[in-house]
Amino acid sequence: MSSGSAPETVTTTSPKPVPAPRDKVLRDMADCIRFLSMDAVQAANSGHPGMPMGMADIATVLFKDFMRFDPADPHWPDRDRFIISNGHGSMLLYSILYLTGYPDMTIDQIKHFRQIDSKTAGHPEYGHASGIETTTGPLGQGIANSVGMALAERILNASFGDALVDHYTYVFLGDGCLMEGISQEAISLAGHLRLGKLIAFFDNNSISIDGATSLSVSDNETERFRASGWHVQEIDGHDTDAIRAAIVEAQKVTDRPSMISCRTIIGFGFPTRAGTQKAHSDAPGPEEIAGARKLLGWDAPPFVIPDDLMRRWREIGARGKPTREAWVARLAQAPAALRAEFTRRQKGELPSGWEAAVLAAKKQFVDSGKPIASRAASGGTLDHLFAAIPELLGGSADLTPSNNTKAKGQVEVKPGVYGGSYVHYGVREHGMAAAMNGIALHGGLIPYGGTFMCFSDYCRPSIRLSALMGIRTIFVMTHDSIGLGEDGPTHQPVEHLAAVQAIPGLDVYRPGDAVETAECWELILRQHHRPAFLALSRQPLPMLRADATAENRSARGAYVLHEAEGGPRKVTLIGTGSEVQLAVQARDVLQKEGIPTAVVSMPSRTLFEEQDAAYKQSVLGPETGARVAVEAGVEIAWGRYLGFNGAFVGMHSFGASGKIGDVYAKFDITADAVVKAAKGVLAKIG
């Protein structure tokens, strides 16, 4: 079901009967989740009580009998992961975190659900509180994240063994998640890879915001999962014995992921809203809550958990401590080199001396001196980096030879064989991006994956969430302009660079030659808490730099590649990526005509924006001078650097199919056009 507010509908006012529990104690424990959820939603006057009330029995059995975790050490690497893909039901997660004793999830936080600066946001947000494994809300993201987490677990298990890495990934999902296309990409990938430590619980309540799910979907979800290679069971989601037996059975299946379809009643316990779309969202109202208290036999006031039930929940939270301590002992007893490598990776630290790989790549490019596409330069840099940083996990959406994302020495991950470091994601761009987020969140690996830049639109929701979470996911986007040529406007990104630069917290890079490409990789890997978007050319680019030193000239986002000669600077030409060469060619013409001209390469506008005003001024030159930018994309946001008198040479429409040189000429993105624009600005400013 999608998140949002349910429309007013006419429903029966007679109380709906509540099925008798198999286990009264478990029902009471589940009711702790139900009443915390409905009380919090009522206090906030907004939220989604239906899912927490419907899935409370499943969550109770899962945490009581199966989940391996320790609130005292919420980041314990070998803990089980728990994700709610149907993130609008966030109060289920918050309730469990409070009940099991996570220190930063207090009853005060529950009372301030959906309030500014609380840890209990409307949808779970990674980093807000311990125990929130990922940010969910956009439906389908959580199931795809869970695939990445489960894959990371298996890959690390292959490297470090059962003693250090052997845990499950559990994910709750709803019908809305399964309607979203990303779910099929994720389900298919997980089934193909045979991720046997992944167990999904489908909240099969047949209700969406508009009404019955039959209004819009008639898929047989169990057969859909089976067709993708999953082990599938169907149970009553309120029968605690059935829930327990299903999880036990799912854990026995080691060669396939498992889906447990749980037939549930949305808003279980509501007297008039249960089983209807009105249970999905909005505050239920005092009368409905009073009716639920009567139906479920709950006498405690709002936000109060009876002592005996709180004790039972806190015992669940405390139960994981001995298991964690045994794991800590195993880590201490592991061979020193293995222990050190595992610990380093979990901290997100890079191996000592890894920067030498970047320097080696730069020297290789400079020594060659040959033109090279930045996508190929990226591949060449990765050849050096992978040898130095074994936790790099590469991949591509069925474009490996084009993206140049597979480094020398990388072995492919295959179904049931996880000792590799390269994933063939198939034509599943959205699923790939979300799975990479899950891998990054899991820890121990640094994921990067490639596709054509025009298909970043397919990845965009996951790219946005990576930035929102501040995680180390690397998106390698090749064929970054009209420079891809013959494939034409369907594949030529024109607006895409501006679109991703609008995402807060996303570092965007577009290097102008091979040396800059290596430098961009260095900057990307140095950043632990921000994702990166690397835009790379299809076409060969000339070597603009001959300095293969340890200095990273790209580190501040933009720099003066060539200073003006023959007098004070009159013109500043700013280029990015494949168009920096045009700025250099134009400078040669202007300098010969006696016009002192500087060229600025701007491989990362994002990083440049973080610099102080004095540095920006030193790079861009005097505001009284002429500034021209050249980039094979749309003009949006260039005005901040060009001012009122500047000029832009770039795209103002979609592209065209043809030879690369002919396409650039058709849209007048040439050195001659840059020269003409500079002279035009000079004439205007006198």
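Student: How much space lies in the largest pocket?
Tutor: The model is a predicted one. Among the residues closest to the centre of the largest pocket are Tyr126 and Gln346. The space in this pocket is about 690 Å³.

Student: Which helices each supply at least two residues of the lining of the largest pocket?
Tutor: The lining divides into 10 nonpolar, 13 polar and 9 charged residues. At least two residues each are supplied by helix 13 (336–347) and helix 17 (429–442).

Student: Which element gives the largest share of the lining of the second largest pocket?
Tutor: The second largest pocket holds about 210 Å³ of space. Of its 15 lining residues, those closest to the centre include Thr606, Glu609 and Arg640. Two or more residues come from helix 19 (496–501) and from helix 22 (605–609). The largest share, 3 residues, is that of helix 22.

Student: How far apart are the end C-alpha atoms of helix 21?
Tutor: Helix 21 has 13 residues, 580–592.

Student: Which helix do the buried residues of helix 21 pack against?
Tutor: Buried here means under 20% relative accessible area. Val580, Leu582, Ala586 and Leu590 are among the buried residues of helix 21. Their partners include strand 16 (559–562), strand 18 (597–601) and strand 19 (626–631). The helix they pack against is helix 26 (671–685).

Methods:
Residues are numbered from 1 along each chain as its sequence is written. This is a predicted model: local features need pLDDT of at least 70, side-chain atom pairs count only at pLDDT 80 or more; totals for chains, interfaces and linings use all residues. Side-chain values use heavy atoms; hydrogens and water are left out. Helices (H or I, at least four residues) and strands (E, at least two) are DSSP runs, numbered from the N terminus. The expected span of a helix is 1.5 Å times one less than its number of residues. Buried means under 20% relative accessible area, exposed over 50%, partly exposed in between (1.4 Å probe, protein chains only). Contact means heavy atoms within 4.5 Å. On a 1 Å grid over the protein atoms alone, a cavity is a set of points where a 1.4 Å probe fits but cannot get out, and a pocket is an open set with protein on both sides within 12 Å along at least five of seven lines; lining residues have an atom within 4 Å of a point. Grid points are joined across faces, edges and corners, and a volume is the space filled by probe spheres set on the points. Ala, Val, Leu, Ile, Met, Phe, Trp, Tyr, Cys and Pro count as nonpolar, Asp, Glu, Lys and Arg as charged, and the others, Gly among them, as polar.
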